[in-house]
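I opened a new notebook page for this protein. Below is what I looked up, entry by entry.

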Amino acid sequence: MADPREESEPLLSRTRGGSARHFPAGVPSCHSIQVGPGAVARRDLCLDQAVVFIEDAIQYRSISHRVDARSLWLYRRYYSSTSQWTLSFTIFLILALAFIETPSSLTSTSDVRYRPAPWEPPCGLTEGVEALCLLVFVADVSMKSYLVGWAQFRKNPWLLAYLVVLLVSLVDWTVSLSLICQEPVRVRRLLRPFFLMQNSSMMKKTLKCVRWSLPEMASVGLLLAAHLCLFTMLGMLLFPSEKDDRRDRQRLTYFRNLPEALTSLLVLLTTANNPDVMIPAYSKNRLYAIFFIAFTLIGSLFLMNLLTAIIYNQFRGYLMKSLQTSLLRRRLGIRAAYKVLSSMTAEGEAHPEGVGVKPQDFLQVLQKVQLDSDHKQAITEKLHSRSGDLLSAGEFQKLFDEFDKRVIKEHPPRPGYRSPFLQSAQFLFGHHYFDYLGNLMALGNLVTICVFLVLDAHVLPKDRDDFVLGRLMLLGARRFRQGRTLPGVPRRLDQRGQVGGGDPRGGILSCVFILYYLLEMLLKVFALGLRGYLVSSSNVFDGLLTAVLLVLEISTLAVYRFPHPGWKPEALGLLSLWDVTRLVNVLVAFRFLRIIRSVELMAVVASTILDLIRNMRAFGGILAVVYYVFAIVGIILFRGVIVAPGNSSLAPDNGSAPCGSFEQLEYWTNNFDDFAAALVTLWDVMVVNNWQVFLDAFRRYAGPWSKIYFVLWWLVSSVIWVNLFLALILENFLHKWDRRSHLQSLTGDLEATSEVTVELLFRDVLQEPTEEELAEKLSHHPHLQLCR
């Protein structure tokens, strides 16, 4: 820890690199007013600067922005929750316009055979909404350019690109209105994903890492290309044309010409057409299998996995690099706040202990910081627990370690009972073994539902009336009525043609399960108290589902009454009796998820998955951007090329279509006639299952050049991004898995009063910024002056 007295030297003095060129004339600072009534304004400015720096540290934001009083006010308003939610909603709105704009996705199906004419918005409707969004973005870039200053704005490529995209979008929007919305291509639709990327620093870092990894990926790509070309030529030579057309299927089907052979082997590289591409040749001579096996071994099992290894190697330390940058920003923001507050102390009075921060000044700043009350209380308690007058730099830093913890409210005390019997019952029903019993009952309920679904698999939905329902949902009283149909097995007719009776045990079990859920909830409330019960999210989840199940049971009885012989009620209200039953069974299946919390290994894996989802939002955002751009390009290129059978000679009826073709498989919903259909089509191609069907169909409908589009999409989505996600999942999971014991050592117990976040979990592998590094960063701040 640095000596607090070392901080008495002016941070930005000329001896430490703070020449006057860093501070343009007219830039106010904490020390621009020395005496007179402006002392209050000077103090308020210092406090506001410290507040903003601390908020920047909390959110891992850069502190390179204006720090005068007016700019600080605008800065806090810009990063307020209202402004940021408005900006996020605007980005979502302008991206969602693609579903409504021509071609509209507002139809029940995308099947070209049955799709009705979609509703098309009138000219000016979506354009008006888009104009409002663009105005918000104009205000956003104007605010950012003002806050960072013109000098910094010119050096920021993202802000410059932001301005160019807005100008192009406004020009294209004007052209669209001048042509009464009849323009063939809207360029601005391709630029809309930029608004999403520029608003996320993690997405910008992701793009930078992808750019750094392209040379290594390109080297493997060249190996793959050479591999494909070599085996394509070998295939053309091994499968020459013969006189016997029946035995020439291999040549005519997969090696008809060079482009067709290259496409067949490219698809085989993804194993999508294996073993179809091999069977004709293998049936002719078993030695031909060596060709295809060697191709698959070298290409799929070696080169493709080598590409995955290269991507993993490039992104192995990506999360740590991101967290290292975030750590530097946090430390820099806190150190800047310390410098501002310590300068106030140095000017106010002399202290024998050296320069530091007054606790009362820190508390005043803490009250203004946008931070939840739990963290404020934790920091305040930590401040009061220390001894001494002034806060040193190290002590000031340690106070903000609470940022790395997610505070969990302590469990409220359990209710006290005087009766020994009630105390024993409270201990019994509050024990975790009672939770195990509940998990066992939930498993039993799920098993019974599966059994009844298997028994009723042959019963048509129209015949699934109260008798099927009786053993799955309705109350037990309905099962014991004499002369009723059997709720234990499917309906059958006796010798007189009447509905027979049966075993009522299935209905009793259903009633018992729901009553047990209600009893379990009441007993937990008795043992833990209402507040103690609601503290646990698992209990809230169970209680909510139990209440819904009970309400559905009671409402079903109230609407449909009790059954009688031959009773088959019509649907009343929004849902039929069978629909209500299916809803209940879905809720019971979801309630079974409570078992995850009780199994330690499953809980660790589940928490790891949740952390992965939170930490990989930037990568999901990049994938969404790629989907958006390719979908718009696909609409421009392939809109209307897929036509219904009978409307074109290229679309034969299913009876005459070759087996395994686009028409025979009825893939009519996979097209680019609207934005939603384009997204689903791209997803189906990304999975690469039967993607050769799409290549063949669009080659016939649109032309052979269409293969370039789909191969590019396969490279970007399946090769780069799928491998990227795999690498990140491995990296995150291995670190989380290896450090779960370290997490327990930090907190003492997984159920402690605070949960350690990912930043603290990886803190042991991050390097703390040095004092010299922090001083250097602060000395180059374009707007902050701390000279005394």
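**Entry 1: a buried alanine.** I began with A98, which counts as buried at 0% relative accessibility. Buried means under 20% relative accessible area, exposed means over 50%, and partly exposed lies in between (1.4 Å probe, protein chains only). I found A98 in the loop between α3 and α4. Helices (H or I, at least four residues) and strands (E, at least two) are DSSP runs, numbered from the N terminus. I then listed what A98 touches: P103, R189, R192, Y628 and F675, not counting residues up to four places away in sequence. Contact here means heavy atoms within 4.5 Å. A98 and R192 are 94 residues apart in sequence, yet their C-alpha atoms are 9.9 Å apart in space.

**Entry 2: what I am looking at.** I noted that this is a predicted model, where local features need pLDDT of at least 70 and side-chain atom pairs count only at pLDDT 80 or more, while totals for chains, interfaces and linings use all residues. Residues are numbered from 1 along each chain as its sequence is written, and side-chain values use heavy atoms, with hydrogens and water left out.

**Entry 3: the whole protein.** I counted 32 helices and two strands. Of the 788 residues, 47% are buried. I also checked the contacts with a separation of 6 or more: residues 24 or more positions apart account for 72% of them. The protein exposes about 40,000 Å², and carbon and sulfur atoms supply 64% of that. These accessible areas come from the Shrake-Rupley method with a 1.4 Å probe; for residues, only the protein chains shown count as cover.

**Entry 4: salt bridges.** How many salt bridges does a search of the whole structure find? It finds 24. A salt bridge is a side-chain nitrogen of Lys or Arg within 4 Å of a carboxyl oxygen of Asp or Glu. Side chains of opposite charge can pair when their charged atoms come close.

I looked up E101 and R192, whose side chains meet in a salt bridge at 2.7 Å, N to O. This pair links distant parts of the chain, 91 residues apart: E101 sits in the loop between α3 (81-96) and α4 (125-148), and R192 in the loop between α7 (187-191) and α8 (193-198). E101 is buried, with a relative accessible area of 1%. R192 also counts as buried, at 1%.

Next came R188 and D172, with a salt bridge of 2.7 Å, N to O. R188 lies in helix α7 and D172 in helix α6 (residues 157-178), so the pair ties together parts 16 residues apart in sequence. Both R188 and D172 are buried.

I then found a network of salt bridges that links E101, E127, E130, D172, E183, R186, R188, R189 and R192.

D140 and K144 form a salt bridge too, at 3.7 Å, N to O. They are four residues apart in helix α4, so about one helical turn separates them. D140 and K144 are both buried.

**Entry 5: a nonpolar patch.** On the surface I found a nonpolar patch of V164, V168, V185, V187, I636, L637, W705, I708, L712 and L715, with about 810 Å² of accessible area together. Patches are made of residues with over 30% relative accessible area and no salt bridge; like charges are joined within 9 Å, nonpolar side chains (Val, Leu, Ile, Met, Phe, Trp, Tyr) within 5 Å. Which elements give two or more residues to the patch? They are α6, α26 (617-638) and α29 (706-738). The largest share, three residues, comes from α29. I picked out I636, in helix α26. I636 is partly exposed, at 39% relative accessible area.

Entry 6: S300 is in helix α13 (residues 289-315). Is S300 buried or exposed? S300 is buried, with a relative accessible area of 12%. Its side chain reaches the backbone oxygen of L269 at 2.6 Å. Leaving aside neighbours within four places in sequence, S300 is in contact with L268, L269, T271, F295 and N305.

S392 is in the loop between α16 (373-384) and α17 (393-399), and counts as buried at 8% relative accessibility. S392 and V357 are 35 residues apart in sequence and 6.8 Å apart in space, C-alpha to C-alpha. In α16 I listed the buried residues: H375, K376, A378, I379, T380 and L383.

Terms used
Polar contact = N/O pair within 3.5 Å; in protein donor to acceptor, adjacent residues only side chain to side chain.
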